[in-house]
Amino acid sequence: MFSIHRLYRTIIPYPKDRIPIEPHHALHLLVALLPMMYMAYLARRPDTFLLRIMLLPLVVLGILGTFFRFAVDGAEYGPNNWGLGSFALVNVAKAIDYAWRPEGMLKIGEEKPGVLAESPHEMNGNAHPDGAGPPPAPSSVWRRRLPAWMYDSLELLLTNRGIGWKFGVGMHIPKEHRSLERSAFLSATLASCLHSFLVVDACESFIKLVPGVKSPEGGTIFRPELPIPQRYILSTAVHVATGTAIGAGFEMCYDLASLVGVGLLSNDPSSWPPVMDHPWLSDSLHVFWAKRWHQLVRETFFVFGGFFGGLIAGNVGTVFGTFIGSGLFHECGAYGLGRGFDPHVIFFFALQAPLLILERVWTRTTGHRVKGICGRLWVYFCIVILAQPLVDSWHRRGFGGGYIVDPRISPTRLLLIPFLRWFTEILGLHTVSALLG
């Protein structure tokens with residue numbers, strides 16, 4: 001047991017033993033991803049199953065041993081280290097996914113990598129078989145500029161939702177609301193990116209007004225010095241602000257990637273559909289998790305738990321395993337905050353499985369699907385009330401005290417909060433002014 005622990009700590013050292021990351025360490029991180037690139041290349045070549053299985057330990061150990069060895073120095077940069085760890089875990093899941101499929105990674109309509117079947121009928125999300133849906137996106141200009149093997153490997157590596165791939169069959173793709181004319185698409189995406197940035201900044205700035213929570217050392221969202229009603233009103237406000245910031249952050253990063261893909265890499269706009277589908281409009285947990293929340297790491301959760309759950313207990317096991325895998329992913333990523341593990345995170349995500357099964361039982365018992373205003377209140381109860389221990393776990397470990405938006409470029413902290421402080425002082429609201437200070 002001692003030797004296993006030593007091996008584990010050799011790969012993933014204690015937070016205090018991690019190496020402060022410097023610009024020249026970028027080369028170390030890049031080199032650690034080269035075996036992953038080769039794995040993607042093999043996954044698009046027939047008869048490479050054994051080679052991929054043999055390569056898998058090297059890929060996994062190289063990624064974990066490198067990305068968890070370095071850290072951005074300073075407690076206030078905990079979210080950056082969380083992101084670094086999450087990136088590593090996503091790539092570990094991809095490596096496992098590429099390795100364990102005997103046939104390799106197939107696109108829709110292929111029977112072997114690069115070999116089309118005669119009559120494909122599987123489609124993603126809102127698409128329709130037999131040509132009833134929108135026409136396929138034109139071939140990227142980079143397909144003509146890069147060697148075929150490199151383009152094929154990069155195309156696989158950079159896909160997360162699996163649009164156009166067999167592993168993404170059944171994935172919900174939100175309907176496009178932007179014009180697909182290139183300049184109009186870029187303008188709308190830039191506006192969306194700026195809007196998401198302002199939302200993230202406003203939410204983060206509010207969270208940093210809360211005593212304890214605003215500290216890089218962390219603090220609970222359930223302030224013990226407040227009476228019960230105010231305590232839970234504040235915790236709910238912090239929780240909603242945190243969830244809103246996370247959702248807007250995903251949209252902001254995806255919009256930035258869309259701007260690069262379409263504006264610089266000449267991707268077709270139709271290859272960058274929206275990442276979110278208005279999650280606050282969900283009227284059932286099924287709709288929330290399967291459609292309206294982002295699906296960028298759905299395959300990651302399946303690899304970390306859903307596959308094994310399915311082997312053990314069929315479809316029900318897949319649901320339980322996928323959400324347990326989600327909890328493991330979120331908690332192992334949060335380990336980058338440097339404050340150890342907390343089972344509250346895994347418990348919340350694992351809880352989603354019985355809640356989803358409860359929805360199914362309701363539908364079969366009553367003959368009515370969970371929907372409407374009652375369904376929306378049910379979703380808000382599950383996501384806004386039951387998830388507060390999850391968010392509290394993150395903030396107790398310093399998430400709220402870390403930098404998401406640098407204060408030097410924060411419109412809220414540079415302009416809005418000083419204005420509100422000045423305005424409340426004029427009105428004689430000194431208590432409010434002090435809270436803003």
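At what angle do helix 8 and helix 13 pack, and how far apart are their axes? In this predicted model, where local features need pLDDT of at least 70, side-chain atom pairs count only at pLDDT 80 or more, and totals for chains, interfaces and linings use all residues, helix 8 (residues 228-264) and helix 13 (residues 388-396) pack at about 80°, with their axes 10 Å apart. Residues are numbered from 1 along each chain as its sequence is written, and side-chain values use heavy atoms, with hydrogens and water left out.

Helix 8 is therefore roughly perpendicular to helix 13, a word that covers angles of 65 to 115 degrees, while those under 35 count as roughly parallel, those over 145 as roughly antiparallel and the rest as oblique. The axes are lines fitted to C-alpha atoms, for helices over the stretch in contact, and the angles run from 0 to 180 degrees between N-to-C directions. Helices (H or I, at least four residues) and strands (E, at least two) are DSSP runs, numbered from the N terminus. From helix 8, Ser235, Thr236, Val238, His239, Thr242 and Ile246 meet Gln388, Val391, Trp394 and His395 of helix 13, where contact means heavy atoms within 4.5 Å. The residues of this contact divide into four nonpolar, six polar and no charged; Ala, Val, Leu, Ile, Met, Phe, Trp, Tyr, Cys and Pro count as nonpolar, Asp, Glu, Lys and Arg as charged, and the others, Gly among them, as polar.

The contact joins Met36, Met37, Ala40, Tyr41 and Ala43 of helix 2 to Trp149, Met150, Ser153, Leu154, Leu156 and Leu157 of helix 6, and its residues comprise ten nonpolar, one polar and no charged.

On a 1 Å grid over the protein atoms alone, a cavity is a set of points where a 1.4 Å probe fits but cannot get out, and a pocket is an open set with protein on both sides within 12 Å along at least five of seven lines; lining residues have an atom within 4 Å of a point. A search of the whole structure finds one cavity of 30 Å³ or more, and about 110 Å³ of space lies in the largest cavity, a volume being the space filled by probe spheres set on grid points that are joined across faces, edges and corners. Of its 14 lining residues, Lys94, Thr159, Asn160, Phe167 and Glu299 lie nearest the centre, and the lining holds seven nonpolar, three polar and four charged residues.
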